[in-house]
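Subject: Structure handover

Hello,

Please find the structure below, with its sequence. My notes on helix packing, the ligand and a database annotation follow it.

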Amino acid sequence: MPPRPAQLARPARRRSISDPLAALPDPLAAALLPPPNETPVERERRLQAEADAKKRSENIDEMIRQNERQQRRKKVVKVLLLGQSESGKSTTLKQFQLLHTPAAFQAERIAWRFVIYLNLVRSIRRVLEAIAPEPDFDGFEDADDYDPVGNAPIIDISGRPSSSAGGIPGWDAYRRRLAPLAELEARLIQQLSDPEDNAEHEATHLFPPPPERPAPNAPGPSNYSLTYVQPPSGRARAAPTVRIPGGRHSSPASPTSPAALNNGSELSVRTGSNWMKAFTLGKLQSPKSAHSGELHGWWEDPDDPVHVLNYCAPAMVELWRDSKVQQRLCEKRLRLEESSGFYLDDIERVTAKMYFPTDADVLKARLKTTGVVEHAFTLSKGSEFRGVDWKIYDVGGARNQRHAWAPYFDDVNAIIFLVPISAFDQVLAEDPRVNRLDDSIQLWQNVISNKLLANVNIILFLNKCDLLKAKLDSGVRLNRYMTSYRDRPNDYASISKYFHNKFGAIHQTYTPNKERDLFIHLTSVTDTRKTHTIISNVRDFILTGNLKSSSLM
Ligand SMILES: Nc1nc2c(ncn2[C@@H]2O[C@H](COP(=O)(O)OP(=O)(O)OP(=O)(O)O)[C@@H](O)[C@H]2O)c(=O)[nH]1
Ligand SMILES: [Mg+2]
């Protein structure tokens, strides 16, 4: 009798290595075997059904895989920006925004106009103080240390007297011509404050203390001094209060205590406050009328700060270009062009009625951070990491802000730590006894030795390289401030390499995880092109490291 087709098929199926039944225990395999009397048509149907089932199963597998990929993308990569005050954390955050959420950056750009104005006014104030005769300082006996935006003072090792007696010729005329800026400064501070916030959270500014008794030649209302500004009245709440006592008088003081009001000098806006929204959504924000297409804008508002600035612009330009003024600044070793929020070389442009801040202007704007700023975005382009969610936390770097860092340590994937290596000849604004580089080294050591951070990716930005170059070119010698540098060459290449090795060696010595890679970049985070390349590399490094450590790759 010829063998039945099903019987012929059976041994062939058992031999197939792709046959799932081959691996089954015998009774089960037997139960799943095709019926012994299967006809060729039935067999065809059965095989078709099996193929369909396999396809369905593969589709389900693919769906599961896709779901897993999505879940992986939902993972949020958290990055913490650390470093002392003025190291460039907020500027780095702005660069992340510019690269990944450019629309939001553009939308906020107009709001920075006010901060830029304030930075400019503060610089003018510093120049006026530097050229003023001593008796008019009204509480600023040591004007060199006075720094309204928390600019770190430079250590004077020149051996020269720290200031020359007497104002420069023409000082009084400058002071009078620039008097409207004093009132403008107070107004800008108030506008940058958050009216919905309580005193604890509002914009901070340390006005110099009111003179207890009039100084012999105290300026009257017509020749207003920039060194003291009476907060404008008529506001429902108190005048801006002090959050962070700065300068030599720093001592713990409650934000509203008289001691705090009388000491130091800082400007900061509470992070998350509404100042940005208020300026971005202002009724005059749009430079173009929707209906007529004609140009309209803030310059049509007579109360807009631009009018005062525009009016004072010629005097500001004259002051800044005055050779006697420059000589006095030189004598006092005040290198304002290296300080934060420097716009004195752009007075005409910045004070023009239709001035709109450029990207570079926004990156240069200085506003001290208090609290923690969170910036969230999703990678939209560039590589396999599309769709990954990011959160970047920008913290305040001043000493009394650092307590806010630790709570982020156990839930962060990477830290970008910034060291302003140009600051080797400066002291902390909040404690003039401390050299800024020493403070950074100490801080670096503390962060990298922290056990909670043992498995966190660390990226070090040796920042402000542009300022370091300028400083070295102007003849400042590192070994006068850092004796361990000895007589090595005082050029940028040697010094940047020295810092690179030094910070790398500290990491190697103090890290609790010897396997941890450290990525060091020499940066000038105000330089957009170079910084974006670095950020892209850093981003990929963080993502690769992060996904590996979460076993998600
Ligand atoms: N020239 C130059 N300026 C820089 C660089 N990095 C930052 N700045 C400027 O330095 C100032 C301080 O930078 P921020 O980013 O505000 O410093 P921060 O670390 O956030 O300071 P805090 O908020 O006080 O902790 C700003 O005016 C920046 O524009 C740099 O690499 N080169
Ligand atoms: Mg900041």
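Start with helix H6 (residues 112–131) and helix H11 (residues 306–321), whose axes come within 11 Å and cross at roughly 40 degrees. That angle makes H6 oblique to H11, and their crossing is left-handed. Please keep in mind throughout that this is a predicted model.

On the H6 side of this contact are Tyr-117, Ile-124 and Val-127. They meet Leu-309, Met-316, Leu-319 and Trp-320 in H11. Sorted by class, the contact of H6 with H11 has seven nonpolar residues, no polar ones and no charged ones.

H6 also packs against helix H12 (residues 323–331). Here the axes come within 9 Å and cross at roughly 80 degrees. An angle from 65 to 115 degrees counts as roughly perpendicular, so H6 is roughly perpendicular to H12. The residues that meet are Val-127, Ala-130 and Ile-131 in H6 and Val-325, Arg-328 and Leu-329 in H12. By class, this contact has five nonpolar residues, no polar ones and one charged one. Val-127 of H6 is listed in the contact with H11 and again in the contact with H12.

Another pair of helices is H16 (residues 465–473) and H17 (residues 492–510). Their axes are 10 Å apart, and the two helices pack at an angle of about 130 degrees. H16 and H17 are therefore oblique to each other, and their crossing is right-handed. From H16, the residues in the contact are Cys-465, Leu-468, Lys-469 and Leu-472. From H17, they are Tyr-492, Ile-495 and Ser-496. The residues of this contact divide into five nonpolar, one polar and one charged.

Next, the ligand. Ligand 1 is surrounded by 25 residues, and the closest are Ser-85, Gly-88, Ser-90, Thr-369 and Gly-397. Four elements of the fold each give two or more residues to this shell: helix H4 (89–100), helix H14 (359–364), strand S4 (368–370) and H16. Which of them gives the most? H4 does, with three residues. By class, the shell around ligand 1 holds four nonpolar, 14 polar and seven charged residues.

Last, the database record. An unreviewed UniProt entry carries the annotation "binding site". The annotation covers Leu-363, Lys-364, Ala-365, Arg-366, Leu-367, Lys-368 and Thr-369, and also Asn-463, Lys-464, Cys-465 and Asp-466. These positions are spread over 104 residues of sequence, and they are spread in space too, with up to 22.7 Å between C-alpha atoms.

Regards

Conventions:
Residues numbered from 1 in each chain as written. Chains lettered and ligands numbered in written order. Predicted model: local features only at pLDDT ≥ 70, side-chain atom pairs only at ≥ 80, totals over all residues. Axes fitted to C-alpha atoms, helices over the stretch in contact; angles between N-to-C directions. Parallel < 35°, antiparallel > 145°, perpendicular 65-115°, else oblique. Left-handed = near helix turned anticlockwise from the far one by under 90°. Contact = placed C-beta atoms within 7 Å. Nonpolar A, V, L, I, M, F, W, Y, C, P; charged D, E, K, R; others polar. Near = placed C-beta within 6 Å. UniProt positions renumbered as here; feature names shortened; annotations may be inferred.
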